[in-house]
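This briefing concerns the packing of helices in the structure shown below. Please consult the sequence and the model while reading the grouped points.

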Amino acid sequence: MCQAIQTLNERAAEKAANERQIEVLLQSVKNLMKNLGLSSDQAMDVLGISNSDRNSIASKL
């Protein structure tokens, strides 16, 4: 039982960390677009954002 709870806690923490990372990247993309006049694709290229994260970020722009 304790192992199951620990596993659930670890998964929840990992999910929260991933969501936070996406939010930080999203804000960075928005800042580059606003301050440097880059397109979203250009901003994501500059930041080296992976294809899987690009889809998440693009849907939130």
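**Helix packing around H3**

The buried residues of H3 pack against helix H1 (2-36) and helix H2 (40-47). Helices here are DSSP runs of H or I with at least four residues, numbered from the N terminus; buried means under 20% relative accessible area, exposed over 50%, and partly exposed in between, with a 1.4 Å probe and protein chains only. The model is predicted: local features need pLDDT of at least 70, side-chain atom pairs count only at pLDDT 80 or more, and totals for chains, interfaces and linings use all residues. Residues are numbered from 1 along each chain as its sequence is written, and side-chain values use heavy atoms, with hydrogens and water left out.

- Asp-53, Arg-54 and Ile-57 are the buried residues of H3.
- They lie on the same side of H3, because they cover an arc of only 105 degrees around the axis; the arc is that of the directions from the helix axis to the C-beta atoms.
- On the face turned away from this buried side, H3 carries the exposed residues Asn-51, Asn-55 and Ser-59.

**The H1–H3 pair**

- Two packed helices are described by the angle between their axes and by the distance between the axes.
- For H1 and H3 the packing angle is about 65 degrees, and their axes are 10 Å apart; axes are lines fitted to C-alpha atoms, for helices over the stretch in contact, and angles run from 0 to 180 degrees between N-to-C directions.
- H1 passes H3 in a right-handed crossing, a crossing being right-handed if the near helix is turned clockwise from the far one by less than a right angle, and left-handed if anticlockwise.
- H1 contributes Gln-21, Ile-22, Glu-23, Leu-25, Leu-26 and Val-29 to the contact, and H3 contributes Asp-53, Ser-56, Ile-57 and Lys-60; contact means heavy atoms within 4.5 Å.
- By class, the contact of H1 with H3 has five nonpolar, two polar and three charged residues. Ala, Val, Leu, Ile, Met, Phe, Trp, Tyr, Cys and Pro count as nonpolar, Asp, Glu, Lys and Arg as charged, and the others, Gly among them, as polar.

**Arg-54 in H3**

- Arg-54 lies in helix H3 (residues 51-60) and counts as buried because its relative accessible area is 16%.
- Its side chain makes a polar contact with the side chain of Asp-45 at 2.4 Å. A polar contact is a pair of N or O atoms within 3.5 Å; within protein, one must be able to donate a hydrogen and the other to accept it, and residues adjacent in sequence count only if both atoms are side-chain atoms.
- Leaving aside neighbours within four places in sequence, Arg-54 is in contact with Asp-41, Met-44, Asp-45 and Ile-49.

**Residues of H1**

- Val-29 is found in helix H1 and is buried, with a relative accessible area of 0%.
- Not counting residues up to four places away in sequence, Val-29 touches Ser-40, Ala-43, Met-44, Leu-47, Ile-49, Ile-57 and Leu-61.
- Val-29 and Leu-61, 32 residues apart in sequence, are 9.0 Å apart in space, C-alpha to C-alpha.
- Ser-28 also lies in helix H1 and counts as partly exposed, at 25% relative accessibility.

Terms used
Helices (H or I, at least four residues) and strands (E, at least two) are DSSP runs, numbered from the N terminus.
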